[in-house]
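This report walks through one protein model, part by part. Keep the sequence and the 3D view open while reading.

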Amino acid sequence: MTAYVLRRTGGALLVLLLLSVAVYALFYVAPGDPAKLACGPRCNAEQIAQVRDQLRLGEPLPLQYLHFLQGLLAGRDYSTGTGVLHCPAPCFGLSYQNDQPVAQLLASRLPVTASLAVGAMVLWLLLGVGTGLLSALRRGGTTERVLTVLTLTGTATPVFITGLLLLMVFCATLQWLPFPTYVPLTEDPEQWAWNLLLPWTTLALLESAKYARLTRSATLETLAEDHIRTFRAYGLRERRIVGRHALRGALPPVVALNAVDLGTMFGGAMLTESLFGLPGIGRLTVESVRTVDLPVVVGAVLGVGAAVVLAGAVADVLHALADRRVTLT
């Protein structure tokens, strides 16, 4: 297992390195002059040339990438004209809008995105695993057909439609819930939960359908195995067979998929955060794209990519721990 973890860690680091190369080429090489974007539309040629020198854009591309990589690993210094501003690692650059380090901007939005992702994960696991298990145990009956229709509907409904319907019903019409406004957990836990209930539900309804289908198929596959038939022949209670053996055999793929989905959510649920006005990483990314704040977009894309890559590595390890049948290669 130790060797397997080391191999997966090395593979993840290599993917992250390749990701940084691809992101740098996509955002700093392919588009127009980054110095004009950084300086703004009112800069003259002399000011643009000064910014180009500060960003070292006159150097060969490999050296420019090495400076970029150095900033990610050890930080780098930026000239402000009147002094030098140090950008600590991981340094994605300085925001064009307020000259703040991008990592600080992302870190300030992380609690909102983390609150959204973790809360939605709890809901989609409860709904998805519970629905999938019930559907498998009621195979061929009316319950399974109804649950199948509901899961397919949840999969086919876009996030923005589900979110708008929930806002119209529970906030505008029934007025049971307030329009979402993020309240930090440390200030008021109750208001924190009430204001995030609709965003959690919006994401959970979409994701739980996927987990319901996965749990159902994995449970049916496990229930058809020989050792389950042996347990039944020995007279074990069905509840014990399902709880201790069938569900345990069906959970490894669910655990692996959940790790990847959670990593993606930490990158920012852009549509959900924008729809409900939550000041998270996803909304920051959308605003930065609108204002062409290139360093923030680069930092967000790298952050999302790193979260997905690391989550994939963790998912593989958790899958191997949960299912001993997995070959550690």
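Which residues of the largest nonpolar core touch the most other members?

## The nonpolar core

The residues with the most contacts to other members are Trp-124, Leu-198 and Leu-278, in a core of 28 residues. Two or more residues come from each of helix H5 (102-137), H7, H8 and helix H10 (238-266). H5 is the main contributor to this core, giving 8 residues.

## The model as a whole

The model is predicted. Its protein chain has 13 helices and 2 strands. The C-alpha trace spans about 85 × 55 × 35 Å along its principal axes. Of the 329 residues in the chain, 40% are buried.

## Helix H1

Helix H1 covers residues 2-29, which is 28 residues.

Several residues of H1 are buried, including Tyr-4, Ala-12, Ser-20 and Val-23. Tyr-24, Phe-27 and Tyr-28 of H1 are buried as well.

## Aromatic pairs

A pair of aromatic rings is described by the distance of the centres and the angle of the planes. The whole structure contains 6 aromatic pairs. One of them joins Tyr-24 and Tyr-65 edge-to-face, with the centres 5.8 Å apart and 70° between the planes. Tyr-24 belongs to helix H1 and Tyr-65 to helix H4 (residues 61-74), so this pair ties together parts that are 41 residues apart in sequence. Are these two tyrosines, Tyr-24 and Tyr-65, buried or exposed? Both Tyr-24 and Tyr-65 are buried.

Another aromatic pair is made by Trp-192 and Trp-200. This pair is also edge-to-face, at 5.3 Å centre to centre and 75° between the planes. Trp-192 and Trp-200 are both buried. Ring pairs also build a cluster, whose members are Tyr-24, Tyr-65 and Phe-68.

A patch of about 880 Å² is made by nine named residues, among them Phe-160, Ile-161, Trp-176 and Leu-271. Which helix gives the most to the nonpolar patch? Helix H7 (residues 159-173) does, with 6 residues.

Leu-174 is another member of the patch. Its place is in the loop between H7 and helix H8 (189-223). With a relative accessible area of 38%, Leu-174 is partly exposed, because that class lies between the 20% limit for buried and the 50% limit for exposed.

Gln-175 is in the loop between H7 and H8. Its phi is near 55°, which is a positive value in a residue other than glycine. The relative accessibility of Gln-175 is 61%, so this residue counts as exposed.

The other spot is a cis peptide bond between Ala-89 and Pro-90, with omega about -5°. Pro-90 sits in the loop between strand E2 (84-87) and H5.

## Salt bridges

Side chains of opposite charge can pair when their charged atoms come close. How many salt bridges does the structure hold? There are 4 salt bridges. One of them joins Glu-207 and Lys-210, at 3.0 Å from N to O. These two residues, Glu-207 and Lys-210, are both in helix H8, 3 residues apart, or about one turn of the helix. Glu-207 counts as buried because its relative accessibility is 11%, whereas Lys-210, at 29%, counts as partly exposed.

Asp-226 and Arg-229 form a salt bridge with an N to O distance of 2.1 Å. About one helical turn separates Asp-226 from Arg-229, because they are 3 residues apart in helix H9 (residues 226-233). Asp-226 counts as exposed at 55% relative accessibility, while Arg-229 is partly exposed at 44%.

A further salt bridge links Arg-283 with Glu-287, whose closest N and O atoms are 3.3 Å apart. Both Arg-283 and Glu-287 lie in helix H12 (residues 281-290), 4 residues apart, about one turn of the helix. Arg-283 is partly exposed at 28%, and so is Glu-287 at 27%. Elsewhere, salt bridges that share partners join Glu-207, Lys-210 and Asp-261 into one network.

How values were computed
Residues are numbered from 1 along each chain as its sequence is written. This is a predicted model: local features need pLDDT of at least 70, side-chain atom pairs count only at pLDDT 80 or more; totals for chains, interfaces and linings use all residues. Side-chain values use heavy atoms; hydrogens and water are left out. The expected span of a helix is 1.5 Å times one less than its number of residues. Buried means under 20% relative accessible area, exposed over 50%, partly exposed in between (1.4 Å probe, protein chains only). Patches are made of residues with over 30% relative accessible area and no salt bridge: like charges are joined within 9 Å, nonpolar side chains (Val, Leu, Ile, Met, Phe, Trp, Tyr) within 5 Å. Accessible areas come from the Shrake-Rupley method with a 1.4 Å probe; for residues, only the protein chains shown count as cover. A salt bridge is a side-chain nitrogen of Lys or Arg within 4 Å of a carboxyl oxygen of Asp or Glu. Rings of Phe, Tyr and Trp (its six-membered ring) pair if their centres lie within 6.5 Å; planes under 30 degrees apart count as stacked, over 60 as edge-to-face and the rest as tilted. A nonpolar core is a set of buried Ala, Val, Leu, Ile, Met, Phe, Trp, Tyr and Cys residues joined through side-chain atoms within 4.5 Å.
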